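Hi everyone, thanks for coming. I'd like to walk you through one structure today, so please have a look at the screen.

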Amino acid sequence: MEDYEGLKTCMLSAYSQMPEAYWKEHQIGKLLNIFPQGQFVVTINEQIVGCALSIVVRYDRYGDNHTYREITGNYTFATHDPKGDTLYGIDVFVDPEFRGRRLGRRLYDARKELCEQLNLSGIVFGGRIPNYHEHADTLSPRAYIEKVKNKELQDPTLNFQLSNDFHVRKVLRGYLPGDEESREFATLLRWDNIYFTPTNTEEENASKSVVRLGLVQWQMRSYRTIEELFEQMEYFVDAVSGYRSDFALFPEFFNAPLMAQYNNRPEGEAIRALAEYTETIRDRFAKLAVSYNINIISGSMPLLRNGQLYNVGYLCRRDGSVDEYEKLHVTPDEVKCWGLKGGSKLRSFDTDCGKIGILICYDVEFPELPRLLAAEGMNILFVPFLTDTQNAFSRVQLCARARAVENECFVAIAGSVGNLPKVHNMDMQYAQSAVFTPCDFAFPVNGIKAEATPNTEMLVVADVDLELLHDLRHSGSVRNLKDRRTDLYQIDFQTRVSKENSFQPAASVLNESAQAAG
């Protein structure tokens with residue numbers, strides 16, 4: 001990361017006509033974190049003068065008809081898959097001052113060597129055709145490419161790539177919105193690794209296709225001690241694990257009965273006392289995840305951080321790792337009674353069953369959040385919730401079902417049932433936990449894979465097939481993700497960080513561009 005300022009200076013020189021076209025620091029940091037060996041720079045006298053960025057993808061997930069935004073996960077690089085089969089070129093550029101020294105060729109050679117070392121099938125990227133605008137009135141993109149291949153016309157990018165043993169697979173339309181010089185066309189180029197040896201070992205295969213979900217429809221009951229709560233937690237983890245489930249989902253504020261001992265205090269003080277148990281409960285879930293070999297989504301609990309009260313939960317993986325997620329939108333009642341504050345972190349999570357998202361209750365009623373997670377490659381969305389009335393539950397349920405259709409993913413919701421007469425603001429609960437699906441021929445006609453009996457303590461166990469999502473996204477009756485009009489609208493997540501590190505994708509001109517030539 002110490003190289004970033006030098007890298008930025010080089011990019012600004014390479015893309016001088018597009019001053020905003022540079023990768024932000026957090027994006028370079030992400031690439032270095034997930035795939036450090038795939039990021040190259042060329043230095044001369046310690047000055048960075050060229051760069052090549054790349055990720056590894058499972059190419060069959062995207063096929064030849066992808067866009068730059070899709071293949072990069074909306075510029076988040078969440079599409080990187082260490083178990084993938086193809087090296088995908090994100091960007092190559094050389095400082096104009098140092099062109100003509102075969103630096104672009106050296107960067108491509110370094111990529112080829114990496115591809116061979118990792119036993120990947122080849123290198124793929126989308127390449128601009130920056131001189132096409134000069135001939136667009138008289139030549140189709142295909143005819144233009146043929147003339148460049150036959151040396152009848154010159155295109156600095158395409159000529160360079162062809163001379164480096166890349167071949168054109170097809171023409172991509174709308175690959176890079178805003179690329180006026182190429183009229184938004186691009187060439188899909190590939191270099192084949194002749195040393196590639198296919199493997200079929202389990203370790204080389206991607207994440208499992210069929211995933212078993214276990215939802216806990218939790219009965220609110222009195223607990224005299226935290227050990228009694230732990231006993232009930234372990235009972236459900238044991239039961240769900242006994243069905244060989246991959247995930248156990250607990251509801252929002254499932255630990256609320258512990259507030260009964262503080263019922264003589266104002267509501268805001270009582271929930272802050274409950275927050276004192278959160279880290280202890282988190283640690284117990286983490287142990288249960290390992291001992292029962294199951295990924296646990298801990299619902300949610302209150303957490304005090306820097307004097308502010310947040311609603312958070314934990315993804316406790318069966319490999320022992322733990323990640324935190326936050327509720328971003330708090331309801332008016334949560335603000336009024338408890339003084340809860342909305343969080344600011346939104347991210348998808350990698351698991352041994354693929355990429356998932358987690359949103360707490362009210363957050364699922366805001367479609368922007370699941371859409372951002374879908375752009376990162378989310379396949380399953382988990383929603384722990386807490387609702388007191390049937391109409392409140394209906395809001396969560398109906399929005400969750402819509403999110404499954406909009407984002408072509410599975411959505412699992414789990415809530416609590418029963419009454420807590422000795423806890424203020426938690427008098428009664430209503431829930432019907434369920435697993436929702438997209439609506440197409442491969443799925444249930446009503447989009448409901450499984451659901452619990454309303455207001456009854458029980459488990460819901462259901463299998464979901466991730467391969468069905470892959471087929472839907474590429475050949476479904478409708479394709480909500482692929483058919484988005486990103487030329488008209490986009491959604492970005494603005495985090496509370498400095499402008500330099502803000503969640504803004506690099507300008508869409510960044511790809512395997514003419515800046516590599518020479």
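Before going on, some ground rules. This is a predicted model, where local features need pLDDT of at least 70 and side-chain atom pairs count only at pLDDT 80 or more, while totals for chains, interfaces and linings use all residues. Residues are numbered from 1 along each chain as its sequence is written, and side-chain values use heavy atoms, with hydrogens and water left out.

Back to Asp352. Its side chain also makes a polar contact with the side chain of Asn295, at 3.1 Å. You'll find Asp352 in the loop between β13 (349-351) and β14 (354-358). Helices (H or I, at least four residues) and strands (E, at least two) are DSSP runs, numbered from the N terminus. Is Asp352 buried, exposed or partly exposed? With 39% relative accessibility, Asp352 is partly exposed; buried is under 20% relative accessible area, exposed is over 50%, and partly exposed is in between, using a 1.4 Å probe and protein chains only. Along the sequence, Asp352 and Ala442 are 90 residues apart, and in space their C-alpha atoms are 24 Å apart.

Next, Arg61. This one sits in the loop between β2 (47-57) and α3 (68-71), and Arg61 is also partly exposed, at 24% relative accessible area. What does Arg61 touch, if we don't count residues up to four places away in sequence? The list is Leu466, Glu467, His470 and His474, where contact means heavy atoms within 4.5 Å. With Glu467 there's a side-chain to side-chain polar contact, at 3.4 Å. Compare that with Leu103: 42 residues along the chain from Arg61, with 32 Å between the C-alpha atoms.

Thr72 is buried, with a relative accessible area of 0%. Leaving aside neighbours within four places in sequence, Thr72 is in contact with Phe77, Ala78, Thr79 and Ile90.

Now for some helix pairs. The axes of α7 (residues 226-242) and α9 (residues 278-291) come within 11 Å and cross at roughly 30°. Axes here are lines fitted to C-alpha atoms, for helices over the stretch in contact, and angles run from 0 to 180 degrees between N-to-C directions. So α7 is roughly parallel to α9: angles under 35 degrees count as roughly parallel, over 145 as roughly antiparallel, 65 to 115 as roughly perpendicular and the rest as oblique. Which residues meet there? From α7 we have Ile226, Glu227, Leu229, Phe230, Met233, Glu234 and Val237, and from α9 come Thr280, Ile281, Arg284, Phe285 and Leu288. By type, that contact has eight nonpolar, one polar and three charged residues; Ala, Val, Leu, Ile, Met, Phe, Trp, Tyr, Cys and Pro count as nonpolar, Asp, Glu, Lys and Arg as charged, and the others, Gly among them, as polar.

The second pair is α4 (residues 103-117) and α6 (residues 156-163), whose axes come within 11 Å and cross at roughly 50°. That makes α4 and α6 oblique to each other. Gly104, Arg105 and Tyr108 in α4 meet Phe160, Gln161 and Ser163 in α6.

Last topic: backbone angles. Most residues other than glycine have a negative phi. Yet just after α6, Asp165 takes a positive phi of about 70°. Glu184 has a phi near 65°, and lies in the loop between β5 (167-173) and β6 (185-192). Then there's Arg244, with phi near 60°, in the loop between α7 and β8 (247-249). How accessible are these last two? Glu184 is partly exposed at 29%, whereas Arg244 is exposed at 70%.

Methods:
A polar contact is a pair of N or O atoms within 3.5 Å; within protein, one must be able to donate a hydrogen and the other to accept it, and residues adjacent in sequence count only if both atoms are side-chain atoms.
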